[in-house]
Amino acid sequence: MLFQSTLRLHPLSTGIRYPFMGKEEKIEELLSRCVRCGRCRSVCPTFDLIHREWAVARGRVALVEALGEKRLPPSTRLEDHLSTCLLCMACEEICTNETPVVEIVERARAELAEKSGFPLYKRLLRRVLEDTPLAHRLVNLGILTRPLWGKKVKDYRGIALKIPILKELGLVPPLEKPFSKREPQETGTGTRGTVALFLGCLLDYVYPSIAQATVDILVKLGYRVVIPENQGCCGYPHMAMGDRKGAERLKEKNIQTLETSGASLIVTACATCTAHLKNTYHIPIPVMDIVEVLLEARAQAFRYKLTEKATYHQPCHLGRGQGVKEVIPFLKGLLGEFWVNMEGHDRCCGFGGTMALAYPQISSGIGKEKAHAIAQTGCKVVLTDCPACILQINRSLAREDVKAQALHIVEAVDFRPHSGKNDPKQFI
Ligand code: SF4
Ligand code: SF4
């Protein structure tokens with residue numbers, strides 16, 4: 001079947017009932033908001049690629065409704081149709097009826113998982129993401145054995161896999177010693193207060209250089225920065241996979257460590273983590289994305305460190321997930337002559353969590369469009385604010401042979417000390 005998961009390792013049994021349809025009336029109300037107008041077809045990246053009704057919000061909502069009404073039996077095909085939603089929220093943004101498509105899809109996935117279990121790759125991923133010491137051991141093992149399975153690629157930020165069966169996955173990011181294993185775990189003078197840096201998985205295990213750049217900026221802005229121990233994955237991947245209990249466990253663990261950190265502000269440099277913390281943690285300490293910190297400080301407080309023209313990709317979880325859409329004016333002010341607009345800057349990069357693993361054809365098809373949009377700008381740098389977008393965009397650029405790199409905004413800016421006084425507050 002076209003676009004079937006490449007990683008399906010369990011059969012989805014038939015005859016599942018959907019108790020949430022009966023016991024929670026709210027889902028019926030959510031489903032009924034969709035009036036089948038089809039506006040979402042104009043913005044949905046999966047529909048744009050696949051051109052089938054099941055690949056758009058309207059079709060997915062209709063499928064979940066049919067399941068609830070037992071007009072449609074569960075099947076592996078149905079699981080594919082729901083699992084290939086990127087949860088990018090583009091449909092929600094354009095929907096005049098406020099249909100909560102992401103919630104509907106997530107809840108349907110959770111019900112499917114509860115009844116049928118998770119396929120092997122999701123079980124392994126959940127296990128690793130819930131066990132930070134295990135994840136650290138695997139990263140260290142990956143670093144030690146890298147000559148056996150991968151080789152660095154010239155011009156791109158990643159490692160090409162040598163194992164033939166895995167080549168379709170494209171570049172994997174360079175592995176480095178986890179950030180939370182580095183010293184010190186506390187830095188800065190703290191004249192502006194204490195920030196707890198929430199790392200999340202990708203900043204800790206995959207892009208520690210982004211975490212370091214974030215700490216450096218916060219310290220230069222006058223914050224004391226602490227890296228709370230025992231923090232782990234934010235829980236969003238579990239939620240997206242349909243593992244609500246796992247997401248809850250991670251949330252409780254992180255809340256405990258963040259609330260005892262002594263911080264007056266929590267900052268993350270991953271738009272997905274920030275959106276998940278803001279939307280589900282409900283803790284008394286304010287949460288900000290590092291991009292919001294930069295916006296608050298204003299572009300004049302920083303200088304652009306690079307000498308290349310750059311454009312911007314808006315992560316779904318920053319623009320739509322948090323409503324932070326003022327980044328382009330900030331970057332225009334910061335980059336000056338180095339700034340270039342990109343068409344479709346807010347279109348999903350195609351990562352979609354486990355989508356990139358389970359449905360590489362769809363993920364790379366959507367990634368191809370993003371790589372071509374970047375190529376159109378002529379830039380060698382695309383700035384963004386989400387390590388998952390960075391991972392996916394770099395893989396897409398390499399696959400499409402576009403000579404450019406995705407970087408986090410914090411990697412491209414530095415604090416601009418004022419001549420003579422060097423007081424961060426004067427910019428704020
Ligand atoms: S999800 Fe919204 S935009 Fe899409 S068909 Fe339904 S009502 Fe229309
Ligand atoms: S969340 Fe994104 S991929 Fe899923 S139906 Fe909506 S627009 Fe399409």
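This is a predicted model: local features need pLDDT of at least 70, side-chain atom pairs count only at pLDDT 80 or more; totals for chains, interfaces and linings use all residues.
In total, 16 residues surround ligand 2, and the closest of them are Cys44, Ala57, Cys85, Cys88 and Cys91. If we ask which helices supply at least two residues each to this shell, the list consists of helix H3, residues 45-50, together with H4, helix H6, residues 90-94, and helix H7, residues 101-116.

Turning to ligand 1, there are 15 residues around it, of which Cys34, Cys37, Cys40, Arg58 and Cys95 come nearest. Helix H4, which spans residues 57-68, gives the most to this shell, with three residues, and H4 is also among the helices that each supply at least two residues to the shell around ligand 2. By class, the shell around ligand 1 divides into nine nonpolar, three polar and three charged residues.

Now to the domains. The domain assignment of the protein chain gives domain 1 as residues 19-116, domain 2 as 122-169, domain 3 as 179-295 and domain 4 as 300-415. Taken over C-alpha atoms, the centres of domain 3 and domain 4 are separated by 22 Å, and the contact takes 27 residues from domain 3 and 23 residues from domain 4. On the domain 3 side that touches domain 4, the elements giving two or more residues are helix H10 (200-206), helix H11 (208-220), helix H12 (236-241), helix H14 (271-281) and helix H15 (290-297). Of these, H11 contributes the largest share of that side, namely six residues, and the residues of the side as a whole divide into 19 nonpolar, four polar and four charged.

My last item is a pair of helices, H19, residues 360-377, and H20, residues 387-399, which pack at an angle of about 80°, with their axes 8 Å apart. Because angles from 65 to 115 degrees count as roughly perpendicular, H19 is described as roughly perpendicular to H20.

Conventions:
Residues are numbered from 1 along each chain as its sequence is written. Chains are lettered from A and ligands numbered from 1 in the order in which they are written. A residue is near a molecule or strand if its C-beta atom, placed from the backbone, lies within 6 Å of it. Helices (H or I, at least four residues) and strands (E, at least two) are DSSP runs, numbered from the N terminus. Ala, Val, Leu, Ile, Met, Phe, Trp, Tyr, Cys and Pro count as nonpolar, Asp, Glu, Lys and Arg as charged, and the others, Gly among them, as polar. Axes are lines fitted to C-alpha atoms, for helices over the stretch in contact, and angles run from 0 to 180 degrees between N-to-C directions. Angles under 35 degrees count as roughly parallel, over 145 as roughly antiparallel, 65 to 115 as roughly perpendicular and the rest as oblique. Domain bounds come from an automatic or database domain assignment. Two residues are in contact if their C-beta atoms, placed from the backbone, lie within 7 Å.
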